[in-house]
Amino acid sequence: MAAVETGRYHRTYESQLRLWHTRPQLIRIGVVAVIAIIVPFVFDNYWLSLANTALIASIGAIGLNVLVGYTGQISLGQGGFLAVGAFTSAILTDRMGVPAPLSILMAVATTAVIGVLFGLPALRLKGLYLAIATLASQVVILFIVRRWNFLTEGQGFVDVSRLEVFGFKIERSTFEQQWYIILIIVTVLVAITATNLFRTNIGRAFMAVRDQDIAASAMGVNLTRTKLTAFAVSNAYVGLAGALLAHYSEIISWEKFTMDVSILYLAMIIVGGLGSIAGSIYGALFMTFLPIAVRMFGEVIGGVVPQVQKQLPAVEHAAFGLVIIIFLIFEPRGLNRIWQRIKDFFGFWPFRY
Amino acid sequence: MKATKATMLLAGIAASALAVTGCGSSGGGESDEPIPIGVLADLSGATGDVGSVFNEGMLAYVDNLNANGGINDRQLEAMSNDYAYEIPKAEELYRKYVNDESVAIQGWGTGDTEALRTRVANDELPFMSGSFAEELTNPEESPFNFVVAATYSDQARIGMNWIAEDAGDKTAVAILHNDSPFGTAPVQDAKDWVKEKGLDIDVTSYAMPAGTTNYSGMLSQVDADGADYIMVQNVASPAAQLAKDLADSSGDQKIVCLNWCGNELFVTAAGEAAEGHMMVQPVAPLSADKPGHKEIVDYLEANGGDPKTTANSYVQGWYTMHAMAEGIRATLDSDKELTGANIREALETMGPIDTGGVFGLGEIEFSADSHRGSNSAGMYTVEDGKMVEVEGGLTP
């Protein structure tokens, strides 16, 4: 057991730099990897499509967590930034014939730049005021998406052709399986880069700004640069999620990027755990599968209380609100903290701490 | 570095999994198993006022059909869920229906219909809905979408023709539309039509913001444009609000409602204010008493419904499901396997589907070149709180 160790001793720089140090950590990673590999063989297409949706949401949630959880800059503009990523990549691939991997990278860059632009108010604003300023970005971006006819050629939506990467085209019969493999690889890369980011001076500066910006500034952290970098990095991830969403769903319209989406993502990182990469993934999984669980619950008790099934979207909204309230009251640090407490419980057993 | 090693390992295993995966799902079924159809409904969302009635009509049709032996002794199993006009939710439900081996999908709005357009083409599932957007009629772009009645654009064209005739002289029309793809669908086509036909009409268009409780500001703008007619492409509740505000400001414009506000819900909600306004409606309301209405009236009376208060969205749901059911029947009759692709072929080749005078001129017919089931609609007016037919079977 990890906790029985008296400490972690590093004899080389290399060992100090490792992401995972202990045997249980490695075993856990192994178990997660095995589960991730089994999933496409066990899940049917429907459940796999949910898993794919959750993976895309994980990438977006990690992005949002970089900004909100790690840098303390609240953002209500998630939906808008997802839209930037989605529309950039869709238009580049579909209308200008840019290969998909390149267009996704360009979408990442574009979203990062636009994120910085809308991050400018963060230099002067904090807390609630910043929330309203980022809300403006959501409204402005969505307004542009809806009104600028160039984007959708006046149709209101953009068709995206099936993903093709270096001559390899996704097949219809194994659509979900192949997407799962792509998405799991991208999500793993995103999670690793994000985790490593917070082991660098840039990432530590983010956290210093979150904890006390004046102190950070006194220590020599350039607040302007740090905040804008945070917006850029965060929105780069969000742009990636948006671009993947566009290619995965093969059609996009503004209706997929409404205010509700921004709030859903905030809920993901609150439920998962603010300031935690693993928590972002837990939160994304949780919030994706919550409505399904509610519906199954509705089907089960539908015979006894038919109102639940009839008013399912209302019940879902209620469950959504309830979950957020419960987490804020009982575990504001989210699922990630719960997981840590479970580990500690067994690790320190029979002692409390 | 452990991290990279682990990543490489994972990527390697994942890549090998890529090569191994592959499982096809078989659609359809044999013998007397029920036929699953996925239904997306808006019961509680932005268009829930007419959406819930439409859905009731669809499910009533299925209920009635099953009680009378189903299709060739096979029951129709309609899996209906509320998606509250939230597009991601519709996509999620759609995937569930595909997984449950639905052979066809009944959608609802323009939002979900367009969002699923490429998906249904890929999955080869025929898709009908309450959305009559014009681009859905082109099989090259939307090979599995079927539009059962006159498109919004055709309705707007018919409306413009009627307005030109009614005004007799130069006039102006303001198109007020829902702020979504559903709302904007006919706007440009209506403007092009006026230009093409050389109608002496000035056309302006405005989006009706969602959730507005008062349209007087918009109406004064319309007034300033000098519009004599207001064409509304929206659902019943906002249109009724508009009619009330128009009456309050004693405006003399005439409202011309297209499909989704041209119904009894509009008449009831607007009350007095609805009197004298016009509707372009491809679906005959129960008050028009067409032969095709008899089955619905019988069903309603047997099940405690009231034909007098049932909106024509109910009729529309009923006959939209009828069109799909007839396609399925034709597929089974031709002894082909019941797959989406075969149902599509049956719909394209089976000839006209009879609606007893309810949809436009009475028949819906698709072909391999066009999924425009019909292009005719009737003009109705509101008289003493009822929809009264002015002229039936109009085409652009």
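**A guided look at a two-chain model**

Guide: Chain B is divided into domain 1 (35-150 + 290-376) and domain 2 (154-281); these bounds come from an automatic or database domain assignment. This is a predicted model, in which local features need pLDDT of at least 70, side-chain atom pairs count only at pLDDT 80 or more, and totals for chains, interfaces and linings use all residues. Residues are numbered from 1 along each chain as its sequence is written, while chains are lettered from A and ligands numbered from 1 in the order in which they are written.

Visitor: How far apart do the C-alpha centres of domain 1 and domain 2 of chain B lie, and how many residues does the contact take from each?

Guide: The C-alpha centres of these two domains of chain B are 28 Å apart. Their contact takes 17 residues from domain 1 of chain B and 17 residues from domain 2 of chain B. Two residues are in contact if their C-beta atoms, placed from the backbone, lie within 7 Å.

Visitor: Which helices supply the domain 1 side of chain B?

Guide: Helices and strands are DSSP runs numbered from the N terminus (H or I, at least four residues, for a helix; E, at least two, for a strand). Helix H2 (48-67), helix H4 (110-115) and helix H13 (312-333) of chain B each supply at least two residues of the side of domain 1 that touches domain 2. H4(B) gives the most, with three residues.

Visitor: Now the two chains: how many residues of chain B are in contact with chain A, and which helix gives the largest share of the chain B side?

Guide: On the chain B side there are 35 residues in contact with 36 residues of chain A. The largest share of the chain B side, ten residues, comes from H1(B). By class, that side of chain B has 14 nonpolar, twelve polar and nine charged residues. Here Ala, Val, Leu, Ile, Met, Phe, Trp, Tyr, Cys and Pro count as nonpolar, Asp, Glu, Lys and Arg as charged, and the others, Gly among them, as polar.

Visitor: What does the radius of gyration say about chain A?

Guide: The radius is taken over C-alpha atoms, and the globule rule is 2.2 Å times the number of residues to the power 0.38. A compact globule of 353 residues would have a value near 20 Å, and chain A agrees with 21 Å. Chain A has 16 helices and four strands.

Visitor: How do I read backbone angles?

Guide: Most residues other than glycine have a negative phi, and most peptide bonds are trans. B:Asp73 has a positive phi near 70° and lies in the loop between H2 and strand E2 (76-82) of chain B. B:Asp73 counts as exposed because it has 9 C-beta neighbours inside 10 Å. A residue is buried if 20 or more other C-beta atoms lie within 10 Å of its own, exposed if 12 or fewer, and partly exposed in between, with C-beta atoms placed from the backbone. In chain A, the peptide bond from A:Trp349 to A:Pro350 is cis, with omega near 10°. A:Pro350 lies in the segment after helix H16 (334-348) of chain A.

Visitor: Why is strand E6 of chain B largely enclosed by the rest of the structure?

Guide: Six of the eight residues of E6(B) (residues 171-178) are buried, so the strand is largely enclosed. Two strands pair if DSSP finds at least two bridges between them. Eight bridges join E6(B) to strand E7 (residues 201-208) of chain B, in parallel, with B:Leu176 opposite B:Tyr206. Five bridges join E6(B) to strand E8 (residues 229-233) of chain B, also running parallel, and B:Ile175 has B:Met231 as its bridge partner there.
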